[in-house]
Amino acid sequence: MSDLKGRVALVTGGGRDVGAAIAKLLAEHGASVAVNYHSSKSEAEAVVAEIEKAGGKARAYQADISDADVVRKMVAGIKNDFGGLDILVNNAGLVFRKRFSESTPEDWKRQIDTCLYGALNCSHSAGPLLEASGRGRIISIMGDSSRVGESGLALGAAARAGTIALMKSLAREWGRSGVTANSISLGLIETAHDKTWVDANRDKLVKAYAIRRLGLPSDVAPLVALLASDAGSWITGQVISVNGGYSMV
């Protein structure tokens, strides 16, 4: 159902956790994968090595996605190395918990630059290649706070809510070229947080979920593969929750 042979995917923040699981599953389904990283070089190279060991094609690309010029160079490199780009997964993000009244403009800038401008930069640079593909896909990963709000996460929620609006708008603007654009909204993925904190608060945390466990990267990657494939070609402009029942709005 998720045959991606002959397609090229870029996964931002692809060296760790959810991004790594997505990169590996897209490769398993036949895509060549550009694994973007900012500072986690060894992790990204390990993901590439695992993909190549399994017979797939991948390459790591260092880029700060908050920098438009750097992103343009990365996308140009992907086109040169792989011949084009069919799938963009906006996964990289920067969110930290702090009460809004205690936050500073620098806090705002750091999160918005990565979460919102990162999606803007990558989508803008990838757009011509996605439209040329005729079957382009953009899938943006974010937390459920962007949909329902959450105390202490106002900045990350605001930035990701902007990304949701971007995806809906691009779904309308680029749909005539066969491009789909969707958002996946996540509950708490335990591997993306400090293990000591998760273990100390696990009993309290899981009570917020209808399915009494926290999420894993393997819960997220299959939906990305579906949306990236021809099976997802009539799904666009949507916000789809993978959250164990944390919110049902």
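This is a short tour of the structure above, stop by stop, with something to select at each one.

**Before you start**

The model is predicted, so local features need pLDDT of at least 70 and side-chain atom pairs count only at pLDDT 80 or more, while totals for chains, interfaces and linings use all residues. Residues are numbered from 1 along each chain as its sequence is written, and side-chain values use heavy atoms, with hydrogens and water left out.

**Stop 1: the whole chain**

Show the protein chain as a cartoon: there are 8 helices and 7 strands. Here, helices (H or I, at least four residues) and strands (E, at least two) are DSSP runs, numbered from the N terminus. Along its principal axes, the C-alpha trace spans about 45 × 35 × 35 Å.

How does the radius of gyration of the protein chain agree with that of a compact globule? With 249 residues, such a globule would have a value near 18 Å, and the chain has 17 Å, which agrees. That radius is taken over C-alpha atoms, and the globule rule is 2.2 Å times the number of residues to the power 0.38.

Now think about what is hidden: 48% of the 249 residues count as buried. Buried means under 20% relative accessible area, exposed means over 50%, and partly exposed lies in between (1.4 Å probe, protein chains only). Among contacts (heavy atoms within 4.5 Å) between residues at least 6 apart in sequence, 75% join residues at least 24 apart.

**Stop 2: helix α1**

Select residues 17–28, which form helix α1. At 1.5 Å a residue, its 12 residues should span 16 Å, and the end C-alpha atoms are 17 Å apart, which agrees. The expected span of a helix is 1.5 Å times one less than its number of residues.

This helix is mostly covered, with 9 of its 12 residues buried. Among them are Val18, Ile22, Leu25 and Leu26.

Next, click on Asp17, which sits in α1. Its phi is positive, about 45°, although Asp17 is not a glycine. Asp17 is partly exposed, with a relative accessible area of 31%. Then look at Gly30, which follows α1 and has a positive phi near 110°.

**Stop 3: helix α4**

Select residues 105–133 to see helix α4. Its 29 residues should span 42 Å at 1.5 Å a residue, and its end C-alpha atoms are 39 Å apart, which agrees.

Where does α4 bend? Go to Gly127: the helix bends there by about 50°, and a proline, Pro128, follows within four residues. The bend at a residue is the angle between axes fitted to the seven residues ending there and the seven starting there. After α4 comes Gly134, with a positive phi near 85°.

**Stop 4**

A disulfide is a covalent bond between the sulfur atoms of two cysteines. To be counted here, the pair of sulfur atoms must be within 2.5 Å, and the structure holds 0 disulfides.

**Stop 5: Asn90 and its surroundings**

Move to Asn90 in strand β4, residues 87–90. Asn90 is buried, with a relative accessible area of 4%. Leaving aside neighbours within four places in sequence, its contacts include Thr12, Cys122, Ser140 and Met167.

Draw a line from the side chain of Asn90 to that of Ser140, and you will find a polar contact of 3.1 Å. A polar contact is a pair of N or O atoms within 3.5 Å; within protein, one must be able to donate a hydrogen and the other to accept it, and residues adjacent in sequence count only if both atoms are side-chain atoms.

**Stop 6: helix α6**

Finish with residues 154–174, helix α6, where you will find Arg160. Is Arg160 buried or exposed? At 8% relative accessibility, Arg160 counts as buried. Its side chain reaches the backbone oxygen of Ala92 at 3.2 Å. Beyond neighbours within four places in sequence, Arg160 is also in contact with residues including Asn91, Cys115 and Ser146.

Last, select Ala154, also in α6. Ala154 counts as partly exposed, at 37% relative accessibility. Ala154 and Val95 are 59 residues apart in sequence and 9.5 Å apart in space, C-alpha to C-alpha.
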